[in-house]
Amino acid sequence: MTNSNPSKKVENHGVAWERAFGYVQAVQVKDTIYVSGQLSHDGNGKLVAPAELDENKRPADFSQMESQIRQTYVNAKTLLARYGATLDDVVEETLYVLDVPSAFAAGSKVRKEMYGTDVPKCASNLIGVSALAFPEQIVEITFRAIISR
C-alpha cells in the first residue's frame, strides 16, 4: 500500500475486507497509534469462535463472547507489536458488543488476563450495538495507544 503521507505508518493483517472496505488496521501518527475495530479472526481471515445464527441470521446466543474477545485482543497485540508497542501502551479502548451483560462478564475476565492486571490502566468503553460487520461477529474492539519516541 502506498503511503501518501510519510509521517503516517500503517499496518494491516492482510485479510480480504481491508481492501474490500478500503481501510488500514492501524495507523501511527507521531506518538499515537490508532487501531481500527478488531475482531476475532485468525491469520487467514476466518472468524474464530463464530456465534451460531438463528433463522433470522442473528446470533442465537452469546456463549462465544469470551473466545471472541480473547482472539480480538490477540489480534490487537499483533498490530501493536509491529510498532514496538504493547497493551501497556494502550490509553483507551472501546468494545462494541451485541450483548452488554455477556460482554461485561467475559470482558472483565479477558481484559484482566490480557493486560496482566486486575485494573488495566486505560480508559475503557463498553457499548451495545445492534449489528457488526459479520453476522457471526458479536464483538469489535478499537484501541488508541501512546508510545514514547
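Trainee: Which residues is Phe 143 in contact with, once its neighbours within four places in sequence are left aside?

Mentor: In this predicted model, Phe 143 is in contact with Ile 33, Tyr 34, Val 35, Gln 38, Tyr 73, Ala 76, Leu 87, Val 90, Glu 92, Glu 93 and Tyr 115.

Trainee: Which residues have the most contacts inside the largest nonpolar core?

Mentor: Tyr 73 and Phe 143 do, in a core of 30 residues. At least two residues of this core come from each of β3, α2, β4, α3 and β6. Helix α2 gives the most, with six residues.

Trainee: What makes the link between Glu 92 and Arg 144 a salt bridge?

Mentor: The cut-off is 4 Å between a side-chain nitrogen of Lys or Arg and a carboxyl oxygen of Asp or Glu. For Glu 92 and Arg 144 the N to O value is 3.2 Å, therefore the pair qualifies. Glu 92 lies in strand β4 (residues 90–97) and Arg 144 in strand β6 (residues 139–146), so the bridge ties together parts 52 residues apart in sequence.

Trainee: Why is Glu 92 called partly exposed?

Mentor: Buried means under 20% and exposed means over 50%, with partly exposed in between. Glu 92 has a relative accessible area of 26%, so it is partly exposed. Arg 144, at 35%, is partly exposed too.

Trainee: How do you know that Arg 111 forms a salt bridge with Glu 93?

Mentor: Their closest N and O atoms are 2.4 Å apart, and that value is within the 4 Å limit, so the pair is a salt bridge. Arg 111 sits in helix α3 and Glu 93 in strand β4, 18 residues apart, and the pair links distant parts of the chain.

Trainee: Are the two partners buried or exposed?

Mentor: Arg 111 has 15% relative accessibility, and buried means under 20%, so Arg 111 counts as buried. Glu 93 has a relative accessible area of 0%, so Glu 93 is buried as well.

Trainee: How many salt bridges does the structure hold?

Mentor: The structure holds six. One of them joins Arg 70 and Glu 113, with the closest N and O atoms 2.8 Å apart. Arg 70 is in helix α2 and Glu 113 in helix α3 (residues 100–115), so this pair links distant parts of the chain, 43 residues apart. Arg 70 has a relative accessible area of 23%, which means partly exposed, and Glu 113 at 40% is also partly exposed.

Trainee: Where is Ser 40 found, and why is it called buried?

Mentor: Ser 40 is in the loop between β3 (32–38) and α2 (65–81). Its relative accessible area is 0%, and the limit for buried is under 20%, so the term applies. Leaving aside neighbours within four places in sequence, Ser 40 is in contact with Lys 46, Leu 47, Val 48, Gln 68, Gln 71, Thr 72 and Asn 75.

Trainee: What makes Asn 75 buried?

Mentor: Asn 75 has 6% relative accessibility, under the 20% limit, so it counts as buried. Asn 75 is in helix α2. Beyond its neighbours within four places in sequence, Asn 75 is in contact with His 13, Gln 38, Leu 39, Ser 40 and His 41.

Trainee: What is the phi of Lys 30?

Mentor: Lys 30 has a positive phi of about 55° although it is not a glycine. Most residues other than glycine have a negative phi. Lys 30 lies in the loop between β2 (26–29) and β3, and at 59% relative accessibility it is over the 50% limit, so it counts as exposed.

Trainee: And what is the phi of Ala 49?

Mentor: Ala 49 has a positive phi too, near 60°. Ala 49 is in the loop between β3 and α2. With a relative accessible area of 17%, Ala 49 is under the 20% limit and therefore buried.

Notes: Residues numbered from 1 in each chain as written. Predicted model: local features only at pLDDT ≥ 70, side-chain atom pairs only at ≥ 80, totals over all residues. Heavy atoms only, no water. Helix = DSSP H or I, 4+ residues; strand = E, 2+ residues; numbered from the N terminus. Buried < 20%, exposed > 50% of the residue type's maximum accessible area, 1.4 Å probe, protein only. Contact = heavy atoms within 4.5 Å. Core = buried A, V, L, I, M, F, W, Y, C linked by side-chain atoms within 4.5 Å.
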